[in-house]
There are 2 protein chains.
Amino acid sequence: MDNNGGAVVTSKIALLQVNPIVGDIGGNASLISELANQASQAGASLAVTTELAISGYPPRDLLLQADFIDTCHTTANNLESAIPILVGTPVPPLDDRSLPGNGVVRAGDSVREVTRKQLLPTYDVFDEARYFEADERPGIARTIAGLDIGVTICEDAWQHCGATPNDYDSDPIAQIVEWGRQGVVLDATVNLSASPYHANKSGIRVAVARCAAASLNHPFLLANQVGGNDDLLFDGRSVIAWPNGTAVVAPAWKEGILIADLSSPEGCVWIGDGEITILGSDEDVEHEEDDLLDAIIIGLSDYCRKSGISKIVLGLSGGIDSALAACVASAAVGPANVTGISMPSRHSSQHSIDDARATADALGIEFSLQPITELHTAADSALAELLENGDPVAGENLQARLRGLIVMAHANANGAMAIATGNKSELGQGYCTLYGDMAGGYAPLGDLYKMEVYALAREFNKRVATDAVNESTLTKPPSAELAPDQKDEDSLPPYPILDEILRLHIEGGLDATEITQKGHDSETVREVLTRLSRNEHKRWQMPPAPRVSMRAFGQGWRQPLAARHDWRQ
Amino acid sequence: MDNNGGAVVTSKIALLQVNPIVGDIGGNASLISELANQASQAGASLAVTTELAISGYPPRDLLLQADFIDTCHTTANNLESAIPILVGTPVPPLDDRSLPGNGVVRAGDSVREVTRKQLLPTYDVFDEARYFEADERPGIARTIAGLDIGVTICEDAWQHCGATPNDYDSDPIAQIVEWGRQGVVLDATVNLSASPYHANKSGIRVAVARCAAASLNHPFLLANQVGGNDDLLFDGRSVIAWPNGTAVVAPAWKEGILIADLSSPEGCVWIGDGEITILGSDEDVEHEEDDLLDAIIIGLSDYCRKSGISKIVLGLSGGIDSALAACVASAAVGPANVTGISMPSRHSSQHSIDDARATADALGIEFSLQPITELHTAADSALAELLENGDPVAGENLQARLRGLIVMAHANANGAMAIATGNKSELGQGYCTLYGDMAGGYAPLGDLYKMEVYALAREFNKRVATDAVNESTLTKPPSAELAPDQKDEDSLPPYPILDEILRLHIEGGLDATEITQKGHDSETVREVLTRLSRNEHKRWQMPPAPRVSMRAFGQGWRQPLAARHDWRQ
């Protein structure tokens with residue numbers, strides 16, 4: 001079946017690790033064409049994009065609009081390129097009672113559809129059954145640029161090595177293996193992916209690629225999207241795996257081209273910043289502890305760039321969360337475009353102002369001191385009766401909301417985006433104020449547990465700017481400073497304990513009994529889980545936060561709201 | 001196959017039209033048992049609940065917790081009842097690599113599973129492929145209370161008459177018809193539903209039931225959930241349809257029991273408030289124009305009751321939106337539990353205070369006058385430089401946010417819930433202020449177009465409280481009053497035009513060209529659609545709003561956020 005003789009092994013395939021903008025069909029098309037032409041100049045004879053590269057992933061409900069699908073499809077078919085490209089694009093429904101497909105077309109060559117995705121992930125942050133019809137036919141591109149290759153799309157490859165949360169009815173890798181048994185000799189199988197980041201996931205992705213290559217008995221090439229889109233992050237790290245387990249991994253968080261030499265890992269080339277990693281068959285991906293900081297920065301910087309936002313403003317309380325948020329903002333849009341506002345109240349300590357100023361000075365961002373004392377007095381007087389006779393939480397929230405008001409006034413006056421500085425631990429406990437510290441267009445730390453915030457602050461100091469988060473901020477007891485001498489630990493368990501309970505429940509799926517069996521105090525566990533379920537109304541209105549964990553609040557988190565029953569009790 | 005002889009036709013089936021609370025497994029179980037016992041006393045020999053009645057619909061991500069599934073399943077199996085009940089409940093996965101089922105078990109009889117749902121809606125507000133494994137086996141309860149009946153679950157019945165947006169591979173009604181051909185004689189087929197409300201949908205539900213009954217050649221009985229859960233509303237209106245097209249429809253918005261006499265529409269009985277409607281074979285459901293008002297009130301009242309909220313507070317601007325929101329709140333939780341706050345600023349007209357007071361007086365709710373003038377002056381002075389040199393929108397939003405702050409202080413001090421008063425037209429255009437008028441735990445009017453707000457205000461005056469919305473409020477030009485002499489029409493098209501453009505796009509799926517072809521000005525259409533796509537960040541953070549349209553902002557609306565490209569341009 002292979003009629004290309006010796007030419008086959010010298011053909012090089014370029015994996016385009018692109019950072020598309022969702023909905024920017026024209027811009028994404030230009031980006032793909034440009035990279036494909038670069039790949040051609042570097043000797044590649046075929047280019048492969050990531051999944052839905054023309055629309056960007058995830059296009060969400062844009063996919064419900066027929067003209068969006070058509071525009072994507074036509075644009076993909078007509079892409080200009082010096083070499084053929086396998087382009088990921090939505091493709092129209094096969095009939096008027098079906099959904100569109102998540103497909104691959106050949107551009108710059110004979111224009112025709114190659115395949116549609118078979119396995120449609122519909123869990124966690126994925127909603128593909130909402131948008132796409134599952135195909136049942138395996139994909140193959142016969143004789144393209146002198147190669148015969150199998151073509152799969154993201155999830156299609158994950159069933160084969162048991163890496164999906166539940167089983168699908170079919171296994172597209174096994175289908176291609178079966179072709180091989182029937183005499184269809186392929187040179188390689190490619191996989192167009194938009195596989196989102198979460199901490200330490202890249203090892204799984206390499207394992208999936210190795211598993212596929214071993215079964216297929218030919219190289220398996222996975223092109224993965226890079227960059228942030230809304231609350232989803234993609235780390236790139238495109239992979240080439242050989243049947244013997246050797247693998248080449250492209251850099252994380254960088255756009256570029258991975259040119260695959262099918263016959264030699266050493267012959268593979270990365271065009272772009274950073275460099276490839278070659279893994280021997282018994283080598284694992286290194287544990288990427290410090291990856292989180294890159295993830296958070298990319299999330300915010302891409303959100304800003306893709307939304308046309310150039311300036312960021314945030315409240316700087318002198319605490320660890322806002323200090324790290326300022327670090328991330330200054331790395332994301334440049335220190336000259338960030339304003340930190342210190343807004344002390346009558347309950348604030350002097351160290352709160354000093355530490356906030358120290359962070360601003362170390363980063364070189366604009367620092368504004370805007371005491372809320374007078375505004376607070378005016379509000380106290382206007383609301384005197386309420387505040388005297390009502391729940392004291394009203395007075396505490398009032399301060400947080402006056403600060404939110406000031407930050408938003410800065411944002412609106414200057415065309416900047418406010419960012420919310422809350423972390424996952426406090427969001428999970430409702431220990432935050434709606435329209436106060438939760439105000440903002442983005443919550444860069446919203447999927448980081450509190451202890452991760454500390455770790456990233458130290459990491460930022462180490463890598464980027466020494467003392468951006470000073471020792472005082474790193475070591476003083478966390479306090480919201482909304483009441484005299486208030487400390488977080490008056491209301492919440494110590495953060496190392498709180499974080500572990502939340503993580504066991506949210507990411508580990510353990511219930512109260514199981515968490516208690518891990519050695520936690522049963523009353524503490526009960527209180528933490530009850531607060532989690534009772535504060536869903538706050539998360540319903542939280543800003544988007546970049547997802548770095550297995551389970552983030554946001555689009556992949558769909559808890560019922562009204563009925564805040566703790567059914568475990 | 002029918003070995004029950006003449007006894008069959010005298011057996012009565014009770015459809016339990018329940019209003020469950022999501023997550024309240026014990027409470028829902030008690031409710032079902034109680035209604036089943038009432039049904040037994042009224043002569044029914046079998047009871048049928050709605051879909052997932054034990055968990056309430058939609059349980060959302062509670063379904064990802066294995067112990068939640070188990071607790072529901074065990075509770076459903078062990079329900080106490082004088083008669084057998086077919087109970088809708090989540091059922092455990094068939095193996096450890098599968099998802100749970102959306103199932104039906106027999107309780108109070110031989111305990112065993114009857115069926116699992118085959119067609120899993122995954123569009124609009126539905127995410128069932130996220131949670132459930134689709135079954136491929138038709139459901140039947142053989143000889144239960146002397147009857148042999150087919151058992152289907154909601155969507156299972158909708159494919160048959162083409163009422164789903166896209167086709168499924170199988171048709172559970174046709175499967176039961178096929179049994180009939182093969183000699184399996186059934187007395188009836190039941191359908192356990194949680195079919196959400198949208199305006200004028202009940203006609204479709206009756207058509208589905210008639211279509212199924214005609215094909216099955218026996219009565220088709222659909223038990224539908226009633227009440228609000230989060231942003232979803234269920235109108236009840238359970239249906240019994242006979243093969244000749246005769247149908248009996250239960251009341252809307254009421255909990256109760258519809259006892260079906262299979263041999264006679266006139267023998268059917270409703271236990272509860274309201275009464276049944278008998279439709280002859282050529283009679284359609286009447287157009288329910290005034291249904292919307294009930295829907296909005298039920299949404300808010302159930303949200304409050306199920307969340308343990310007894311008091312509501314809102315800003316009363318003297319405009320039409322807040323006036324109707326006050327009406328809805330007073331109907332939902334009682335006027336004694338509602339506080340309306342008039343918060344005039346320097347830009348407010350005297351009629352704004354007068355009209356707000358008139359509404360409060362007519363409804364008998366508490367009225368509080370809380371001018372923001374002093375607070376506004378204090379904020380102006382604190383933010384003088386920003387407000388003088390920055391975008392004027394900062395000053396406009398400041399007022400809205402000071403009001404949000406005051407309303408939230410009332411809410412927090414008194415344990416009340418603030419409601420946001422915005423409508424779908426302004427939310428769709430971003431003509432609203434995050435953390436200002438958008439602040440609140442619920443947005444009762446968030447899925448009503450502006451002209452629907454006017455219509456419902458007149459309807460409320462007519463049905464409930466004359467002059468609750470006075471003539472001045474109904475007729476003055478809408479204004480946000482955030483700048484001198486500001487009118488909504490300075491920034492937006494006239495509302496009748498805006499509403500129609502939005503409706504054609506959002507619900508009709510028409511693009512700019514198609515809307516222009518309907519006779520709208522192309523520049524206006526372009527501006528409206530651009531504002532819609534550019535203001536997604538506000539909807540991402542809006543409070544839940546009861547869904548009354550074909551397509552509401554909220555859980556069923558998943559637009560990309562960061563990339564606010566208007567790809568139509």
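This is a predicted model: local features need pLDDT of at least 70, side-chain atom pairs count only at pLDDT 80 or more; totals for chains, interfaces and linings use all residues.
Reader: Let's start with H11 of chain A and H11 of chain B. What angle do they pack at?
Author: About 165°, with the axes of the two helices 10 Å apart. Each H11 covers residues 393-414 of its chain.

Reader: So are they roughly parallel or antiparallel?
Author: Angles over 145 degrees count as roughly antiparallel, so H11(A) is roughly antiparallel to H11(B).

Reader: And which residues make that contact?
Author: On H11(A) they include A:Val393, A:Leu398, A:Arg401, A:Leu405 and A:Met408. On H11(B), B:Val393, B:Leu398, B:Arg401, B:Leu405 and B:Met408 are among them.

Reader: How many are nonpolar, polar or charged?
Author: The contact of H11(A) with H11(B) has 14 nonpolar, 4 polar and 2 charged residues.

Reader: Is the crossing left-handed or right-handed?
Author: H11(A) crosses H11(B) in a right-handed way.

Reader: OK, switching topic. How do H16 and H18 of chain A pack?
Author: H16 (residues 495-506) and H18 (residues 522-534) pack at an angle of about 65°, and their axes are 10 Å apart. Since 65 to 115 degrees counts as roughly perpendicular, H16(A) and H18(A) are roughly perpendicular to each other.

Reader: What's the handedness of that crossing?
Author: Right-handed, for H16(A) and H18(A).

Reader: Which residues are in contact there?
Author: H16(A) brings A:Ile497, A:Leu498, A:Ile501, A:Leu502 and A:His505. From H18(A) come A:Thr524, A:Val525, A:Val528 and A:Leu529.

Reader: And how many of those are charged?
Author: None; the contact of H16(A) with H18(A) has 7 nonpolar and 2 polar residues, with no charged ones.

Terms used. Residues are numbered from 1 along each chain as its sequence is written. Chains are lettered from A and ligands numbered from 1 in the order in which they are written. Axes are lines fitted to C-alpha atoms, for helices over the stretch in contact, and angles run from 0 to 180 degrees between N-to-C directions. Helices (H or I, at least four residues) and strands (E, at least two) are DSSP runs, numbered from the N terminus. Angles under 35 degrees count as roughly parallel, over 145 as roughly antiparallel, 65 to 115 as roughly perpendicular and the rest as oblique. A crossing is left-handed if the near helix is turned anticlockwise from the far one by less than a right angle, and right-handed if clockwise. Two residues are in contact if their C-beta atoms, placed from the backbone, lie within 7 Å. Ala, Val, Leu, Ile, Met, Phe, Trp, Tyr, Cys and Pro count as nonpolar, Asp, Glu, Lys and Arg as charged, and the others, Gly among them, as polar.
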